[in-house]
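Hello,

Here is the structure we talked about. Please look it over first, then read my notes below.

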Protein chains: 2
Amino acid sequence: MSTMPTIHDIYRARPNVYRHLRPTPLYQYSGLSDLVQAEIHLKHENHQPVGAFKVRGGLNLVANLNPDHKKGGLFTASTGNHGQSIAFAARAYNVKATIAVPVGANQGKVAAMQGLGAEVLFHGEDFDTARQWISEVAKEKGGTFVGPTDEPLIHGVGTYGLEILEDLPDVECIIVPVGAGSGVCGTAIVAKSINPAIKIIGVQSTQAPTQQLSWQQGRAVESSMKTVAEGLATRIPFANTQAIMAKYLDDFVLVEDTALEEAVRLLLTHCHNLVEEAGAASLAAALQIKDQLRDKKVVLVISGGNLSTERLVEIIQ
Amino acid sequence: MSTMPTIHDIYRARPNVYRHLRPTPLYQYSGLSDLVQAEIHLKHENHQPVGAFKVRGGLNLVANLNPDHKKGGLFTASTGNHGQSIAFAARAYNVKATIAVPVGANQGKVAAMQGLGAEVLFHGEDFDTARQWISEVAKEKGGTFVGPTDEPLIHGVGTYGLEILEDLPDVECIIVPVGAGSGVCGTAIVAKSINPAIKIIGVQSTQAPTQQLSWQQGRAVESSMKTVAEGLATRIPFANTQAIMAKYLDDFVLVEDTALEEAVRLLLTHCHNLVEEAGAASLAAALQIKDQLRDKKVVLVISGGNLSTERLVEIIQ
């Protein structure tokens, strides 16, 4: 079993990330602050080149591969954002990427992966099915399988946590959407290492609560997965991110899919940012637990912005 | 008459801008590159804290005010983005800002100005009417009137031009939306000073062509102003930006409002960015003149993202 990542690992990932990316903005918004009755800052990971935080992890992972691993190519599964991250990083290092997506995956995300030079294969009904299949394909073809919570990914995405602490050292609470858990784990490791008083709160959808139930019960729980938020659509928990969350998370809340959609609308109106349902989960959670946040300095991680125009139309009508 | 701004003025503005802002991203998009058949990079000024490039100018202007000017407060007129810029900068320096907007101005932009602590006054039918009125108010009250093309604004916004050259030194063409002209002038001064071979192309709407007609005819031309793009809605040309455009602009194209709306949709679908009509003008122009751009390295300035949800609904339906 691997040891748990530390803030040192995240510092070591920084140069790999900043070789290709700049820090993303952390902006305070008066309209949202009024709504939540707290000082609300958004961490704009939706401003990344592939529209989501995961690109930080992909760049760190590929930077750490040895030549043999690069030669066989990378194989992974994704509902979209992780795949774009791996495609982006693979292109930066001239490595071939093959990405399995569930049948019916977000077309814009698929086109983006292909535009970045990745081969996209459709397989299975959901992320976990596609993932188990592509890991077998990688073995057959002698390639490198990349799982969604591989540690170099956690180290890479943790760099946005460092940026939050650099920009707002007095932050009191950080709320992070949880899919596989790399984002919330990277953030929690950084925040708790620098100031253990910072509250770290994870969010999933009530329609896909597997990580939340597993965290709450302290054991792996599989559950139904029917959320509209593909970035939160996990059916099976991950041992390594569960271990980190068990150690560091202060709370883990569930929000209804309808609250995610309302949060997408609020972010359009108050911040003029297009945010996908998963990315808006942090705002939905803040509104749900506003009594606990009153007058605090709160950072909401806007983890991604890759909302299809079709979904946008459904949500704003 | 003041001398024309130089790249040195823009370098002198840099520290005033970076005291409060980070560089914005320049990203290449494969989907848009396929559409235009050129290498398309977007300069994401829609990622600024107030959603538009103008905040760079406001910060430089306020940084250069003497204590007397600060004491009397700032008075300006705006359709929205310039006003948010002045409000943001005034707050950063603890100066009072009073902003006149046309009756019926974008509510989201008005709320944003108020959220930044500015007093907003509604006056007249359009930007130019509000501007002439508030300049009188400023005189009566002993405050400082800020015009939309005051030179410190051009110096400040020119810093995004420097960022473009730093990120993509081999850029061959930059397309910039034109309202009052500060953005295109700052960009042109930088680009032509570093590499005179870079083509600089301005864009206005066919429904508000006053700056384009004045540039083309070499004299001040007033014209009708009916565009949906409030960021391009100029009825009266400005002498100082016209002089700079006369010297530096290679071309100045007009696009239909319907093409602006199509460009907003394309940016949503291909880049998952919310962009206002004026901000999308550079993409609309690139599609219109794609024969001239084929295989070139092209930067499209996405000048702002402050689209109201009501307009968004109209545009995507």
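**What I found**

B:Ser193 is partly exposed, with 17 other C-beta atoms within 10 Å. For reference, a residue is buried if 20 or more other C-beta atoms lie within 10 Å of its own, exposed if 12 or fewer, and partly exposed in between, with C-beta atoms placed from the backbone. B:Ser193 sits in helix α9 (residues 182-194) of chain B. In sequence, B:Ser193 is 176 residues from B:Val17; in space the two are 20 Å apart, C-alpha to C-alpha.

Some ground rules. This is a predicted model, where local features need pLDDT of at least 70, side-chain atom pairs count only at pLDDT 80 or more, and totals for chains, interfaces and linings use all residues. Residues are numbered from 1 along each chain as its sequence is written, while chains are lettered from A and ligands numbered from 1 in the order in which they are written.

**Chain A overall**

Chain A has 16 helices and 10 strands. These are DSSP runs numbered from the N terminus: helices are H or I with at least four residues, strands are E with at least two. The radius of gyration of chain A is 18 Å, close to the 20 Å that the globule rule gives for 317 residues, so chain A is as compact as a globular protein of that length. That radius is taken over C-alpha atoms, and the rule is 2.2 Å times the number of residues to the power 0.38. The C-alpha trace spans about 55 × 45 × 35 Å along its principal axes. Of the 317 residues in chain A, 58% are buried.

**Domains**

Chain A is assigned domain 1 (7-52 + 154-316) and domain 2 (55-152). The bounds come from an automatic or database domain assignment. Their C-alpha centres lie 22 Å apart. Domain 1 of chain A puts 30 residues into the contact, and domain 2 of chain A puts in 26. Contact here means that the C-beta atoms of two residues, placed from the backbone, lie within 7 Å. On the domain 1 side, α1 (7-18), α8 (151-157), α9 (159-167) and α12 (239-248) of chain A each supply at least two residues. α8(A) gives the most, with 4 residues. That side divides into 14 nonpolar, 14 polar and 2 charged residues. Nonpolar means Ala, Val, Leu, Ile, Met, Phe, Trp, Tyr, Cys and Pro; charged means Asp, Glu, Lys and Arg; the others, Gly among them, are polar.

**The two chains**

A rotation of 180° with 0.0 Å of shift along its axis superposes chain A on chain B (RMSD 0.0 Å). That is the relation of a two-fold axis. A:Leu274 comes closest to the axis of the residues of chain A, at 2.8 Å (C-alpha).

At the interface, 25 residues of chain A are in contact with 25 residues of chain B. Two or more residues on the chain A side come from each of α2 (30-36), α6 (107-115), α13 (257-271) and α16 (309-316) of chain A. α16(A) gives the most, with 4 residues. By class, the chain A side has 12 nonpolar, 12 polar and 1 charged residues. The copies meet through the same surface, because 100% of the interface residues of chain A are also interface residues in chain B.

Best wishes

Key
Least-squares fit on C-alpha atoms with pLDDT ≥ 70 in both.
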